[in-house]
2 protein chains.
Amino acid sequence: MSATPQPAERGNEGRESLEARLLRRLLGALGEPPVEFVIDWTGERVASGGASVAAVHLRDRATLLGLLADPQVRFGDAYSAGRIEVAGDLIELMNVVYRSAMDRGAEGSIAERVAGWLHRPRRNTLSGSRDNIHRHYDLGNDFYSLWLGETMAYTCAYYPSAGVDLDTAQIAKMDHVCRKLRLAPGSSVVEAGCGWGTFAMHMAERYGARVRAYNISREQIAYARRRARERGLEGRVEFVEDDYRNIDGRYDVFVSIGMLEHVGTENYPELGRIARRAIGRGGRGLIHSIGRNRPAPLHPWIERRIFPGAYPPSIGQMMQIFEPADLSVLDVENIRLHYALTLRDWLRRYEAAAGQVRAMFDETLLRMWRLYLAGSVAAFESGVLQLFQVLFTGRENNDLPLTRDYVYGR
Amino acid sequence: MSATPQPAERGNEGRESLEARLLRRLLGALGEPPVEFVIDWTGERVASGGASVAAVHLRDRATLLGLLADPQVRFGDAYSAGRIEVAGDLIELMNVVYRSAMDRGAEGSIAERVAGWLHRPRRNTLSGSRDNIHRHYDLGNDFYSLWLGETMAYTCAYYPSAGVDLDTAQIAKMDHVCRKLRLAPGSSVVEAGCGWGTFAMHMAERYGARVRAYNISREQIAYARRRARERGLEGRVEFVEDDYRNIDGRYDVFVSIGMLEHVGTENYPELGRIARRAIGRGGRGLIHSIGRNRPAPLHPWIERRIFPGAYPPSIGQMMQIFEPADLSVLDVENIRLHYALTLRDWLRRYEAAAGQVRAMFDETLLRMWRLYLAGSVAAFESGVLQLFQVLFTGRENNDLPLTRDYVYGR
């Protein structure tokens, strides 16, 4: 997609500017990904060699210096502000950068080390959670409805095959979870973190469940209640504007899709106690969350600008939910590649609605979210992030299907 | 199955012997399981009340005192020696004792606390592993062939439905694992801990795989080599009498069924490095192991008398294999109830061969292994133990089926 660097520019470092030499060093620190930097005010091109997947244009010296000082955060900020432009495929650019950073070595790539210095997640106290969640989700339902599709599900979908469309895949995800949980007419369900309420309504409407769904985002709860009224589900789904920590009562099923990322590892044992209290001995539970192969902080730019307080745990870290509460894990499924497909679908819709996003906010927000979506595709494609569904039950429960055939319609 | 205690004996503690009162206290410490102690030399019966599932006869005072001092280890030893007799269902006895001990409280039942004091697992150094494994498996192939069935698989089977027989379920387990690993003609496989070699031969014969299988038990390796010759598999399966830590070379698949219990948690990161080195970026791996809902030592009697050096890990502990090695966990399946079925099948065959076991060894070994098998049924039925199959791959591998449909023939 972009021109390969001129041999003269690569083999002749003595004539390079200081800026070019510093960028060359940055490329080395990043593990020599096949990308090209272009210094717009000198016309110099700096690349690792070989065919680049994209060219990164730097508009001014302050941007370049910022990038050298703190590549992870400054790249995102400068891209959002239009001081960095990418010629070529943004997803591929992120993909090769992630891959080469991870390949540099198992014991902490530069990306991870830089992230480690910078990243101090905000604590998820009851009021802290509220602030963090408001900041992200209260950008406005109208914004999200531009690109999330009809289901308004802002979590990883489930593609029975790669050609399926987004809405179908979101419904397939809901059904996949309901099958795992063996939802039946009359099942009582508590949902922790219900987003815009689509899944709660799906469980009530399609499976005859009685659902109580918690969320601390006022906008989302208002939207969900309105939709439930419109769909005549008022008696079967109750939306509670409250923190999951205030869940009480006993249910057949505890389910949480895409909330754990905002819980904070220090609160995992408490979440386990809450789930255990909710389902007792015989109930079933499922937690669906973005995760990691091993513990590492979230990308610092995402954490700062997009998802304050968010943290994707490793399976080992997730076990701090279940093990102290003596819950029994029945099934863990990693559907990482489904999130890459979901995000590609979101990004396609987002680009189609770019004019509306610009009109609603501004060019900076448009670009910020484009980078976030494209970077997230790359994170799931390169294996930086995973997506885990963990099915669990009380330790004493022997009322379990022998095999997982029931999930697969056999 | 046994008489309930006489009201006069329950309501009139003043007339009870000291022994009876001490046993009553032991019942309390165990959480009042519905079992009955019978002091054979006084005729006293001590029970928690309600219908007992079994009566535990104590033959002499030394046994009783030993039981009070160290119930976990002494019960097994005294039962093996015939100084304790059980009238009623041995499995149910173990079941209610496990359940009531666990119900006593999530923060360490007496059983777990007692186990914690007593249990210091032997370290699995290269030579220590050899000693521990020899002690258990070199009881003799003839002994195991009495009750393991035709497959000689000494690991949890997989019952497509509860009525399936043992041999069919063992083959179904092998096929379940092969499907998860997407074995294909020509796949190269390394197996860590291959038992009597049945699975290695199955992979070669039914799936066309080229298999290299490691085991440090001389008797098992000799048996496996003989069987491979008989089945004409010499060129396709290689049995190596060596420790898994000496695995080298590159393979499409790494698999280990029922070895992890003997590895020792301190060696998990090394096992992960070995697996990662064996499969590289694109290979697949599966580890099948007895486990726990949360960390706890193995029952001290089992560890001392049956499985020296064994330890069933929690999922969180197992992640110390995968996380440091940057392996990506794709799927965890808990098939606990299948091990209860397997063990019931083994115990049935074992009882049918009791005369042969007695002739081969003596009454003590016969009883020791009866208790071990019955206690293990109960451990899996009550949720003391779990059985995990963990499927994994290199972090960078995107050549993955989108769904698990392929495991379920869809």
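Q: Helices (H or I, at least four residues) and strands (E, at least two) are DSSP runs, numbered from the N terminus. With that settled, where is B:Asp326 found?
A: B:Asp326 is found in the loop between α14 (315-322) and β10 of chain B. Please note that this is a predicted model, in which local features need pLDDT of at least 70, side-chain atom pairs count only at pLDDT 80 or more, and totals for chains, interfaces and linings use all residues. Residues are numbered from 1 along each chain as its sequence is written, while chains are lettered from A and ligands numbered from 1 in the order in which they are written.

Q: What is the phi of B:Asp326?
A: Its phi is positive, about 55°, although B:Asp326 is not a glycine. B:Asp326 counts as partly exposed, with 18 C-beta neighbours inside 10 Å. As to the terms, a residue is buried if 20 or more other C-beta atoms lie within 10 Å of its own, exposed if 12 or fewer, and partly exposed in between, with C-beta atoms placed from the backbone.

Q: And A:Glu32, what is its phi near?
A: Phi of A:Glu32 is near 55°, again a positive value in a residue other than glycine. A:Glu32 lies in the loop between α2 (18-29) and β1 (36-39) of chain A. With 17 other C-beta atoms within 10 Å, A:Glu32 is partly exposed.

Q: Changing topic: how many helices and strands in chain A?
A: Chain A has 17 helices and eleven strands. Of its 410 residues, 55% are buried. Among contacts in chain A between residues at least 6 apart in sequence, 73% join residues at least 24 apart. Two residues are in contact if their C-beta atoms, placed from the backbone, lie within 7 Å.

Q: How are the two chains related, what rotation superposes chain A on chain B?
A: A rotation of 180° with 0.0 Å of shift along its axis does so, with an RMSD of 0.0 Å. That is the relation of a two-fold axis. The same surface serves both copies, since 100% of the contact residues of chain A recur in chain B. The copies are superposed by least squares on the C-alpha atoms of residues with pLDDT of at least 70 in both.

Q: How many residues does the contact take from each chain?
A: Chain A contributes 37 residues and chain B contributes 37 residues. On the side of chain A that touches chain B, α14 (315-322), β10 (327-334) and α15 (336-352) of chain A each supply at least two residues. β10(A) gives the most to that side, with eight residues.

Q: What is that side made of, by class?
A: The side of chain A that touches chain B has 15 nonpolar, eleven polar and eleven charged residues. Here Ala, Val, Leu, Ile, Met, Phe, Trp, Tyr, Cys and Pro count as nonpolar, Asp, Glu, Lys and Arg as charged, and the others, Gly among them, as polar.

Q: In which sense do β10(A) and β10 of chain B pair?
A: They pair in the antiparallel sense over three bridges. A:Glu333 stands opposite B:Asp331 in β10(B). Two strands pair if DSSP finds at least two bridges between them.

Q: Now the sheet in chain B: in what order do its four strands stand?
A: The order is β2-β1-β3-β4 in an open sheet of mixed pairing. Its edge strands are β2 (44-47) and β4 (84-88) of chain B, each of which pairs on one side only. Strand β3 (residues 54-58) of chain B pairs with β4(B) in the antiparallel sense over five bridges, and B:Val56 stands opposite B:Val86 in β4(B).

Q: Which helix lies across β3 and β4 of chain B?
A: That is helix α5 (residues 90-103) of chain B, running at about 100° to β4(B). Axes are lines fitted to C-alpha atoms, for helices over the stretch in contact, and angles run from 0 to 180 degrees between N-to-C directions.

Q: And in chain A, is α5(A) mostly covered or mostly uncovered?
A: α5(A) is mostly covered, as 13 of its 14 residues are buried.

Q: Last one: is A:Ile290 buried or exposed?
A: A:Ile290 is buried, with 24 other C-beta atoms within 10 Å. A:Ile290 is found in strand β9 (residues 284-291) of chain A. Leaving aside neighbours within four places in sequence, A:Ile290 is in contact with A:Glu261, A:Pro312, A:Leu385 and A:Leu387.
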